[in-house]
Amino acid sequence: AEKERAKPPDVIGEWAARHPSSGEIAQLGGEMVAAVSRGTTSLPLDQLVQMGFERGAAAATLVACSNDVAQAATLLTEASEMARIKREEHLRRDKTWRKRGQYEAKQAGLDHKGPQHVAALALTQPTIPLALLEAPSVDCVWDFIEQTNQEYDRLHEAYERQFWGERMALSSSDYSPENESASKEALEAFLRDSDRLAKCHSLKEGLFTTERQKRILDGFVRVFDAYQMDPAAVSMRSDCVPLERALTEARKALILSVDGPKSAPQLRTLLRTSADENTRERAWKELRKVGPCIADGLCALVKRRNAMARALGFEDFYDYKVSKTEGFGKKKLFGMLDALRDGTTTLNDRARASLSEDDRKPWNVSRATSGDEAQLDAYFPFGKALEAWGRSFAQMGIRYRGSTMTLDLLERQNKYSNGFCHWPRCAYVRRDHSLR
């Protein structure tokens, strides 16, 4: 009879019987959590205690699982089993003490002085599994996720602002190669922090971590893992920074000119559109100056980057970047590109065979294969570019309400010659499902 009374009821079954809809179960769980959080002895928690759970175990479980009632129910089932085991232990010890004539020691409880005091004290403690006590709560996991997002957003914006100012050759003293390098190093140091990666793995395995949190932490792990390096490789990476800066400065100092200073994009436009072959030849020869200007610096940088990548176990820096970015190595990528080349070789050979001897000259090929861009303007006028861009994204269901876009299409000295897009602020979903 004592064992039968000690057996706790099936709390999940009773919940399901009394509350057939999941919404009502969630509401009951919320009431329990609220009661425990206030530190009051209200009916929901009392119900659990009356069902046979230890008050401490029920309270700890409900508070820790405040955002996941289903997981709380699972843990409560585990707690019920622990309660059953403890009750059986109580009965066994009671019988042992009676046989030894020491039952009075238990009755004396904490006031009893003697060898039985420790045993009596242990039996008065709530049965809370150690895993529950050590596992981070749902709130703790969210705190880590939110702090990580905020800190990355701050470092990302600092670097992207410097990147924009330097590439656009803005005159403000806020922008400099030194500031860009420092902000980039701060961002990469954050991303390669091995302690942060270990914390992500640990939180993923937590008893109270929700499925949504695990998906977010999986994303963190993929990003942080891509930046992991040993100290030797970090030193090699740092050695690349001055080489990168010197290469950028050397390219900025090179002035290209055809009837006045011209940027590389302007010269490439002349190759496609100028009707004068002499102008196209001059533009091509100006572009050929870029190679000798940066060759030595580029080769030095490639050697240093390759040494770093090999120290990390990759074939070269290209293999390292592809593997970390795409999730597969250089060999697989080249296999894909070989298939593309093989599938287009016949068409490309046929097109080149149709060109005249003059058209095959390097300064004439672009114009000969591009068609008449003046006629294309009638179908793709530049004035409609922004509208076409907006309509394209709108048709894909992408909205930019409340956003700000900055376009810099003007030519000026030292401006970065390649077009690019960037986002100075990160976009992510907060805990409350609002967008940052």
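The protein chain has 22 helices and two strands; helices (H or I, at least four residues) and strands (E, at least two) are DSSP runs, numbered from the N terminus. This is a predicted model, in which local features need pLDDT of at least 70 and side-chain atom pairs count only at pLDDT 80 or more, while totals for chains, interfaces and linings use all residues. Residues are numbered from 1 along each chain as its sequence is written, and side-chain values use heavy atoms, with hydrogens and water left out.

**The chain as a whole**

- Of the 436 residues in the protein chain, 32% are buried. Buried means under 20% relative accessible area, exposed means over 50%, and partly exposed is in between (1.4 Å probe, protein chains only).
- The protein chain exposes about 27000 Å², and carbon and sulfur atoms supply 54% of that area. Accessible areas come from the Shrake-Rupley method with a 1.4 Å probe; for residues, only the protein chains shown count as cover.
- Take the contacts between residues at least 6 apart in sequence: 64% of them join residues at least 24 apart. Contact means heavy atoms within 4.5 Å.

**Empty space: one cavity and a pocket**

- Rolling a probe the size of a water molecule over the atoms shows where empty space is left.
- Here is how the two kinds of space are told apart: on a 1 Å grid over the protein atoms alone, a cavity is a set of points where a 1.4 Å probe fits but cannot get out, and a pocket is an open set with protein on both sides within 12 Å along at least five of seven lines. Lining residues have an atom within 4 Å of a point.
- Grid points are joined across faces, edges and corners, and a volume is the space filled by probe spheres set on the points.
- By this rule there is one cavity of 30 Å³ or more. The largest cavity has a volume of about 40 Å³.
- Look for Ser181, Lys184, Glu185, Glu188, Arg237 and Val241, which line the largest cavity. Helix 11 (177-191) and helix 14 are the elements that give two or more residues to this lining, and helix 11 gives the most, with four residues.
- By class, the lining of the largest cavity has one nonpolar, one polar and four charged residues. Ala, Val, Leu, Ile, Met, Phe, Trp, Tyr, Cys and Pro count as nonpolar, Asp, Glu, Lys and Arg as charged, and the others, Gly among them, as polar.
- The second largest pocket holds about 1700 Å³ of space. Its lining has 39 residues, of which Met405, Thr406, Leu407, Cys421 and His422 lie nearest its centre.
- Helix 10 (138-167) and helix 22 (385-395) each supply at least two residues of the lining of the second largest pocket, with the largest share, four residues, coming from helix 22.
- Sorted by class, that pocket lining has 21 nonpolar, nine polar and nine charged residues.

**Helix 18 and its surroundings**

- Helix 18 (residues 317-326) has these buried residues: Phe317, Asp319, Tyr320, Val322 and Ser323.
- Those buried residues pack against helix 13 (211-226), helix 17 (290-311) and helix 19 (330-353).
- At the start of helix 18, a side-chain oxygen of aspartate 316 comes to within 3.2 Å of the backbone nitrogen of tyrosine 318.
- After helix 18 comes glycine 327, with a positive phi near 90 degrees.

- Threonine 148 lies in helix 10 and counts as buried at 5% relative accessibility. Leaving aside neighbours within four places in sequence, threonine 148 is in contact with Phe190, Arg196, Phe220 and Phe224.
- Leucine 243 is in helix 14 (residues 231-253) and is partly exposed, with a relative accessible area of 30%. Not counting residues up to four places away in sequence, leucine 243 touches Ala300, Leu301 and Arg304.
- Leucine 243 and glycine 297 are 54 residues apart in sequence but 6.9 Å apart in space, C-alpha to C-alpha.

- Most residues other than glycine have a negative phi.
- Alanine 169 is not a glycine, yet has a positive phi of about 55 degrees. This alanine 169 sits in the loop between helix 10 and helix 11 and is partly exposed at 27% relative accessibility.
- Asparagine 414, also not a glycine, has a positive phi of about 75 degrees. Find asparagine 414 in the segment after helix 22, where its relative accessible area of 34% makes it partly exposed.

Conventions: Polar contact = N/O pair within 3.5 Å; in protein donor to acceptor, adjacent residues only side chain to side chain.
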